[in-house]
Amino acid sequence: MQAKWKFRLGILSCITGMIILSTSLLIGRLVPGGLVLLVLGFILISESRKE
């Protein structure tokens, strides 16, 4: 996978994770999927930086 696509996917995953986390905080119920997406996004961004 190219570094450019890893970076874009990581950014998209971080944004989606933040949206899920913020809506779950508004609802008052914690959704672990948002946290997983946020961590996955950061991992993908760091992997794309290494290449």
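Okay, so let's start with how the two helices pack. The axes of helix 1, residues 3-27, and helix 2, residues 32-50, come within 7 Å and cross at roughly 160°. For those axes, lines are fitted to C-alpha atoms, over the stretch in contact for helices, and angles run from 0 to 180 degrees between N-to-C directions. Helices here are DSSP runs of H or I, at least four residues, and strands are runs of E, at least two, numbered from the N terminus.

Before I go on: this is a predicted model, where local features need pLDDT of at least 70, side-chain atom pairs count only at pLDDT 80 or more, and totals for chains, interfaces and linings use all residues. Residues are numbered from 1 along each chain as its sequence is written, and side-chain values use heavy atoms, with hydrogens and water left out.

Back to that crossing. Helix 1 and helix 2 are therefore roughly antiparallel to each other; the cut-offs are under 35 degrees for roughly parallel, over 145 for roughly antiparallel, 65 to 115 for roughly perpendicular, and oblique for the rest. The crossing of the two is left-handed, meaning that the near helix is turned anticlockwise from the far one by less than a right angle; clockwise would be right-handed. And what sits in the contact of helix 1 with helix 2, by class? There are 15 nonpolar, seven polar and three charged residues. Nonpolar means Ala, Val, Leu, Ile, Met, Phe, Trp, Tyr, Cys and Pro; charged means Asp, Glu, Lys and Arg; the others, Gly among them, are polar.

Stepping back to the whole protein: it has two helices and zero strands. Its C-alpha atoms fill a box of roughly 40 × 10 × 10 Å along the principal axes. Of its 51 residues, 25% count as buried. Buried is under 20% relative accessible area, exposed is over 50%, and partly exposed is in between, using a 1.4 Å probe and protein chains only.

Now for helix 2. Which of its residues are buried? Those are Gly 34, Leu 38, Gly 41, Leu 44, Ile 45 and Ser 48. They cover an arc of only 130° around the axis, so they sit on the same side of helix 2; that arc is taken from the directions from the helix axis to the C-beta atoms. On the face turned away from that buried side, you find the exposed residues Pro 32, Val 36 and Lys 50.

Let's pick out a few of these. Leu 38 counts as buried because its relative accessibility is 15%. From Leu 38 to Thr 16 you go 22 residues in sequence, yet C-alpha to C-alpha they are 7.6 Å apart in space.

Val 36, by contrast, is exposed, with a relative accessible area of 55%. Its C-alpha atom is separated by 7.3 Å from that of Gly 17, 19 residues apart along the chain.

Lys 50 is exposed too, at 68% relative accessible area. Lys 50 and Trp 5 are 45 residues apart in sequence and 13 Å apart in space, C-alpha to C-alpha.

Last one, over on the other helix: Phe 7 is found in helix 1. Is Phe 7 buried, exposed or partly exposed? With a relative accessible area of 30%, Phe 7 is partly exposed.
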